[in-house]
Amino acid sequence: MRRARGFTLVEVLVALLIMAVIAVLGWRGIDGMLRGREISQASLLRSERLQSVLVQWEQDLRMLQDSELAQVNALAFDGNALRLTRRQPEGLQLVAWRLRDGRLSRWESPPLQSQRELLEAQNRSQQGLESPGREITMLEGLSGWQMFFYRGNAWSNAQSSDDVATPNPAASAPGSGSTRVLPSGVRMLLQFGGGELQGELTRQVLLGAQP
């Protein structure tokens, strides 16, 4: 009878080495797929978060309502914060979008019933004394932003002299003399840097237009 021949130690080691290489390559492929999936999900979440922020910003502008109070501008930008008054069923609401330490936050007051409350809310907002708990961080990783108003068939910087106060014919009471004419459009330029988002993003809204 012929003697059965088995595998030598070298052959077994070679086979184990080949199997180990195949296992490593397979694991790297699976790991790459999992990482790609995580990156895609993170990118999708960032896009959804950014889209929700822009929708909220547009909604605030489309609900813009003049307070008819000379000391309170319905829409104003000082380079650091965009403040506006928006209508609510319970009254007017003051909203402030502010860029601070690379974070874009949104603060809103409760519905205000009187002009005195609105004026006090604006003064506190300008001093950075907003009610705690009503400010929400909307975006992070911003290096700067710019705001433009559409006036006279042209876009101009929101801080330029194009939107200086003009006489208000309806303001005849003492202490009321002028108000700002609302622009017909608002453009926001967001500058990203140092975070997951890079580059610039521009979004504009025509005031009074339907979504």
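Which residue forms a salt bridge with Glu 58, and how far apart are the closest N and O atoms? I looked this pair up at the outset: the partner is Arg 203, and the closest N and O atoms are 2.8 Å apart. The pair links distant parts of the chain, with Glu 58 in helix H1 (residues 9-62) and Arg 203 in strand S11 (residues 199-206), 145 residues apart. I then checked accessibility for each partner. Glu 58 has a relative accessibility of 17% and counts as buried, since the cut-off for buried is under 20%. Arg 203, at 23%, counts as partly exposed.

**Entry: confidence**

I note that this is a predicted model. Its mean pLDDT is 80, and 82% of the residues reach 70 or more. Confidence is lowest in strand S8 (residues 166-167), where the mean is 48, and highest in strand S10 (residues 185-192), where the mean is 93. Over residues 166-178 the pLDDT is below 50, and this stretch has 15 contacts in the model beyond near neighbours in sequence. Where pLDDT is low, predicted coordinates should not be read in detail.

**Entry: overall layout**

I counted the elements next: the protein has two helices and 11 strands. From the N terminus on, the order is α-β-β-β-β-α-β-β-β-β-β-β-β. Of the 211 residues, 32% count as buried. I also looked up the range of the contacts. Among contacts with a separation of 6 or more, 57% come from residues 24 or more positions apart.

**Entry: salt bridges**

I searched the whole structure and found seven salt bridges, including the Glu 58 and Arg 203 pair recorded above. Another joins Asp 60 to Arg 86, with the closest N and O atoms 2.4 Å apart. This pair also links distant parts of the chain: Asp 60 is in helix H1 and Arg 86 in strand S2, 26 residues apart. Both Asp 60 and Arg 86 are buried.

I then examined Asp 78, which forms a salt bridge with Arg 83 at 3.1 Å between the closest N and O atoms. Asp 78 is partly exposed, with a relative accessible area of 40%, whereas Arg 83 is buried at 9%. As to shared partners, I found that salt bridges join Asp 60, Arg 86, Arg 106 and Glu 108 into one network.

**Entry: Arg 83**

I stayed with Arg 83, which lies in strand S2 (residues 81-88). Its side chain makes a polar contact of 3.1 Å with the side chain of Asp 78. Leaving out residues up to four places away in sequence, I listed what Arg 83 touches: Ala 74, Leu 75, Ala 76, Asp 78, Val 95, Ala 96, Arg 98, Ser 125 and Gln 126.

**Entry: Gln 93**

Is Gln 93 buried or exposed? I find that Gln 93 counts as buried, at 4% relative accessibility. The residue belongs to strand S3 (residues 91-100). The side chain of Gln 88 is joined to that of Gln 93 by a polar contact of 2.8 Å. The backbone oxygen of Ser 109 lies 2.7 Å from a polar atom of the Gln 93 side chain. Not counting residues up to four places away in sequence, Gln 93 touches Leu 84, Thr 85, Arg 86, Gln 88, Glu 108, Ser 109, Pro 110 and Arg 134. Two of these, Arg 86 and Glu 108, are members of the salt-bridge network.

**Entry: helix H2**

Helix H2 (residues 115-126) has 12 residues and reaches 16 Å from its first C-alpha to its last, close to the 16 Å expected at 1.5 Å a residue. In H2, the residues Leu 118, Ala 121, Gln 122 and Ser 125 are buried. Seen down the axis, the buried residues of H2 fall within an arc of 100°, so they line one face of the helix. An α-helix has 3.6 residues a turn, so residues three or four places apart point the same way. I asked what this face meets: the buried residues of H2 pack against S2, S3 and strand S4 (103-108).

**Entry: Trp 107**

Trp 107 counts as buried, at 3% relative accessibility. Trp 107 and Leu 94 are 13 residues apart in sequence, and their C-alpha atoms are 8.3 Å apart in space.

Methods:
Residues numbered from 1 in each chain as written. Heavy atoms only, no water. pLDDT = per-residue confidence, 0-100. Helix = DSSP H or I, 4+ residues; strand = E, 2+ residues; numbered from the N terminus. Contact = heavy atoms within 4.5 Å. Buried < 20%, exposed > 50% of the residue type's maximum accessible area, 1.4 Å probe, protein only. Polar contact = N/O pair within 3.5 Å; in protein donor to acceptor, adjacent residues only side chain to side chain. Salt bridge = Lys/Arg side-chain N within 4 Å of Asp/Glu carboxyl O. Expected span 1.5 Å × (residues − 1). Arc of directions from axis to C-beta.
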